[in-house]
Amino acid sequence: MNTEEEHVDYIEARPAARQQPKFVPLLMAGVLGSALTLGADYLIDHNTKPDTHNTVPQIVDNATVQNKENATLPDMLEKVSPAIVGVVNLQKTNGIFPDASRTETESGTGSGVIYQADDQAAYIVTNNHVVEGASDIKVQLASGKKVDAELLGTDALTDIAVLKIKGNFNIKPIAFADSNKIRTGDAVYAIGNPLGLDLSNSVTRGIISAKERTMTVSTSAGKSTVKAIQTDTAINPGNSGGALINTAGQLIGINSMKIAAAEVEGIGFAIPSNDARTVISEIIKNGKVIRPYMGVALISSNSIPEQYRNEMTANKEGVVVLQTDEYASKTLQKGDIITAVDGKKVTSDSELKSYLYQNKKAGDSLKFTIYRDNKEMEVSLILRDDENVR
């Protein structure tokens, strides 16, 4: 039986290090009291125009597709399933005798999603932990055929990796939905290879349990803040890197982890498709993710339950500052509500980060319009290089 590394199935829970606003412990209860790692998460650059085969697909409108397609569930799954592949991590091991040549053995298996393809190659997004440490990687297509894969780049902090397989496989890539538009209670399906390739293209069904959770996880690059979709859909070892799709057969998340404990049932997590697209584009461009660093942990105000919003310093739509490091605390404070960046309105942390990484780099100044103590004000922060901060 092939399984992934055990640590990815567990989410580490630690108490927050500092006193939070009254509403924060209530929010953190929903994510197991996880401490927030300080720093901005992702990089996006919509200004670059790479070759067609390297582009990340555009978001497809869910309602439009559903109105056009009217397919039954089996029809939809039959169309989508070929884009879900198995990913085999091969690692070299020492032979019995000291002088013997090292041989490659299968270290683990996971899943992947074909997001782009042409007549020369197909491009696959999967989890970093699925391919980490591999000396070689093979991809098993839905047809059962195995092909060699090239690793284009990884990002351990977001648990995303991008692969390339050469050839014309005549597989339609999966369409990306706008993960910002999902709602708690939406029906979803997970497709992947639980417990190994013998159970390839297994489908499980559930709902969105929460559209956004923020938690701290351990990665090979250190502690990382992860924003994830919570679902009760069955996600088992081997599902990592596979697709979480909506009823239209569009990708809303990359299955990444679950809480694995005897007393826990049905708590899985997926990387939102919008965030995956962001990381994919940067990996394609640079082979890695380069991050300017703010030193703050953020949450969209619309993710805070309405009954707790009146405990905020101002009931405004925007992005709430949950925590700051020592440097950022000179500019921003816990409980601040960011409503605009450089004069541009922001209503979610994804919008803020999209603007930040499209337009800014380390050393640049970022101007925030914030509400603090029910008063509007403007403050500025000099961005840092996250590699020098960590």
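Lys 361 sits out in the open, with a relative accessible area of 54%. In this predicted model, Lys 361 pairs up with Asp 364 in a salt bridge, and the closest N and O atoms of the two are 3.7 Å apart. That pair is one of several, as the count of salt bridges comes to 9.

Another of these bridges brings together the side chains of Lys 345 and Glu 317, at 4.0 Å from N to O. Lys 345 belongs to strand E17 (residues 344-345), while Glu 317 is in the loop between helix H6 (306-309) and strand E15 (319-324), so the bridge ties together parts that lie 28 residues apart in sequence. As for accessibility, Lys 345 is exposed, at 62% relative accessible area, and Glu 317 is partly exposed, at 46%.

The salt bridge between Arg 384 and Asp 325 has an N to O distance of 2.9 Å. Arg 384 is part of strand E20 (residues 384-385) and Asp 325 is in the loop between E15 and strand E16 (337-341), so here the parts being tied together are 59 residues apart in sequence. Both partners are tucked away: Arg 384 has a relative accessibility of 19% and counts as buried, and Asp 325, at 10%, counts as buried too. The cut-off for buried is under 20% relative accessible area, so Arg 384 with its 19% still makes it into that class. Salt bridges also link up into a network, made of Lys 227, Asp 275 and Asp 349.

Moving on to the strands, E14 (residues 296-300) has 5 of its 5 residues buried, so the rest of the structure largely encloses this strand. In a regular strand, side chains alternate between the two faces of the sheet. In E14, Val 296, Leu 298 and Ser 300 point one way, Ala 297 and Ile 299 point the other way, and all of them are buried. E14 runs antiparallel to E15, and 5 bridges join the two strands. Within this pairing, Val 296 stands opposite Thr 324 of E15.

Strand E18 (365-372) and strand E19 (375-382) have a loop between them, and that is the place of Asn 374. Asn 374 is exposed, with a relative accessible area of 54%. Along the chain, Asn 374 and Ile 337 are 37 residues apart, yet in space their C-alpha atoms are 9.6 Å apart. Ile 337 turns up again in the surroundings of Thr 369, a residue of strand E18. Thr 369 is buried, at 10% relative accessible area. Setting aside neighbours within four places in sequence, the contacts of Thr 369 are Ile 337, Ile 338, Thr 339 and Ala 340, along with Glu 376, Met 377 and Glu 378.

An α-helix has 3.6 residues a turn, so residues three or four places apart point the same way.

Methods:
Residues numbered from 1 in each chain as written. Predicted model: local features only at pLDDT ≥ 70, side-chain atom pairs only at ≥ 80, totals over all residues. Heavy atoms only, no water. Helix = DSSP H or I, 4+ residues; strand = E, 2+ residues; numbered from the N terminus. Buried < 20%, exposed > 50% of the residue type's maximum accessible area, 1.4 Å probe, protein only. Pairing = 2+ DSSP bridges. Contact = heavy atoms within 4.5 Å.
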